[in-house]
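Hi,

Here is the structure I said I would pass on.

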Amino acid sequence: MFELQLPMWGDIAVFLGAALVIGIAGVKAAGLADRLADRTGMGEAITGTIFLGFFTALPGLVASVVAALNGHAGLAISNAMGGIAIQTVALAVADLTYTKANLEHAAASLANMMQAIMLILLLTLVLITMMGPNVTVRHVHPMTIVLFAAAGLAFWLVHRTYQEPMWRPTQTTHTVEDVPEPGSHNERLVTLIPAFVLAAVLTAAGGAVVAETAENLVEETRIPEVVVGGLLMAGATSLPELVTSIAAVRRGALTLAVSNIVGGNFFDVLFVAAADLAFFQGSIFHAYSVTYRELFLTSLTILLNVVLLMGLIYRQRRGPANIGIESLLMLVIYIAGFLVVSFMM
């Protein structure tokens, strides 16, 4: 990959510039995805999971693969796990912007709950592999193939749940249903799709630049990879999820906002599998730079998604600061968790 030979201030400036490009493209994508959901009839849950989820995951995917190609295994894994953690907490931030009710209550969706369950399953597989034996075929751990297969099964289950739900959440006065906008069938796909692809290309390029500058910052500052990857790098590559979810909430597309986060997290788990394919020094799960910090971060990510699932099932109407108790818990757990991981010796 390309190498940026810049002073520290230059790396920081380029890092922030790439993050800005990712964020701006993310705002544009939220509106395009909502219009695609209405135009194609796929619904916000499926569109958010597949199209918007994949789009918003592109910067992180490219960043993890670039880090793995350059031999920074810890950076690649912490970017994936940290990205999932930040994106899950982004729902709490989006919840703050929706004043009518708790977001997890208003965006009731069986497909979103199934996504959260399957995400926890995939994350648990990653954690088990990191703590299990170091087995490889060529340089790839067998769990990498299992993760891709499990993700395929997860997408099928989510689609099946959306198409043929066996039960439905109770509709309340605060529930916002996924209903297409009037006149949406007149949208031209020949215009929507190229615009969406262009935004995706911009975010992917931004992800590659973020990875290169993050690697330079690790070498220049000696800050642990898990902190740079899980906080700075993951924060920059997760900007699309944050901005698109807030933008979706402001548009009234609540199901899209939640499915974008959970769907994007699906793809983020696969960052680890993709990074394992790109890491030619053996299994990325057992690289020397992958330590107990990455294990802690993965466990923290699982905990955050368990809390989110609790909120999706419990569906509290209102809570502290007009957000659900699950949103408050996610914010507290995330802040406390990163304070712990940042000061681990």
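Threonine 144 counts as buried, because its relative accessibility is 0%. Keep in mind as you read that this is a predicted model. The residue sits in helix H6, which covers residues 142–163. Leaving out anything up to four places away in sequence, Thr144 touches Ala273, Asp276, Leu277 and Phe285.

The largest nonpolar core has 88 residues. Those with the most contacts inside it are Met81, Leu122, Leu147, Met233, Val269, Ile284 and Leu304.

**The chain as a whole**

Stepping back, what is the protein chain built from? Of the 345 residues in the protein chain, 58% are buried. Among contacts with a separation of 6 or more, 86% are between residues 24 or more positions apart.

**Two helix pairs**

H5 passes H11 in a left-handed crossing. On the H5 side, the contact is made by Asn112, Met113, Ala116, Ile117, Leu119, Ile120, Leu123, Thr124, Val126, Leu127, Met130 and Met131. H11 brings Glu294, Leu295, Thr298, Ser299, Thr301, Ile302, Asn305, Val306, Leu309, Leu312 and Ile313. Sorted by class, this contact has 16 nonpolar, 6 polar and 1 charged residues.

The other pair is H8 (residues 225–237) and H12 (residues 325–342). Here the axes come within 10 Å and cross at roughly 155°. H8 and H12 are therefore roughly antiparallel to each other, and their crossing is left-handed. Val226, Val227, Gly230 and Leu231 in H8 meet Tyr334, Phe338, Val341 and Ser342 in H12. By class, that gives 6 nonpolar, 2 polar and no charged residues.

**Residues that meet across the sequence**

Which residues does isoleucine 84 touch, not counting those up to four places away in sequence? They are Leu123, Asn265, Asp268, Val269, Thr301 and Asn305. Leu123, Thr301 and Asn305 also take part in the contact between H5 and H11. Ile84 itself is found in helix H3 (residues 73–97) and is buried, with a relative accessible area of 0%. As for Asn265, it is 181 residues from Ile84 in sequence, and the two are 5.3 Å apart in space, C-alpha to C-alpha.

- Leucine 69 is in helix H2 (residues 44–69) and is partly exposed, with a relative accessible area of 39%. Its C-alpha atom is separated by 9.4 Å from that of glutamine 281, 212 residues apart along the chain.
- Tryptophan 9 is in helix H1 (residues 8–40) and counts as exposed, at 66% relative accessibility. Trp9 and leucine 217 are 208 residues apart in sequence and 9.8 Å apart in space, C-alpha to C-alpha.

**A loop residue**

Finally, take a look at arginine 138. Is this residue buried or exposed? Arg138 counts as exposed, at 81% relative accessibility. The residue lies in the loop between H5 and H6. Its phi is positive, at about 65°, although Arg138 is not a glycine.

Cheers

Key: Residues are numbered from 1 along each chain as its sequence is written. This is a predicted model: local features need pLDDT of at least 70, side-chain atom pairs count only at pLDDT 80 or more; totals for chains, interfaces and linings use all residues. Side-chain values use heavy atoms; hydrogens and water are left out. A crossing is left-handed if the near helix is turned anticlockwise from the far one by less than a right angle, and right-handed if clockwise. Helices (H or I, at least four residues) and strands (E, at least two) are DSSP runs, numbered from the N terminus. Contact means heavy atoms within 4.5 Å. Ala, Val, Leu, Ile, Met, Phe, Trp, Tyr, Cys and Pro count as nonpolar, Asp, Glu, Lys and Arg as charged, and the others, Gly among them, as polar. A nonpolar core is a set of buried Ala, Val, Leu, Ile, Met, Phe, Trp, Tyr and Cys residues joined through side-chain atoms within 4.5 Å. Buried means under 20% relative accessible area, exposed over 50%, partly exposed in between (1.4 Å probe, protein chains only). Axes are lines fitted to C-alpha atoms, for helices over the stretch in contact, and angles run from 0 to 180 degrees between N-to-C directions. Angles under 35 degrees count as roughly parallel, over 145 as roughly antiparallel, 65 to 115 as roughly perpendicular and the rest as oblique.
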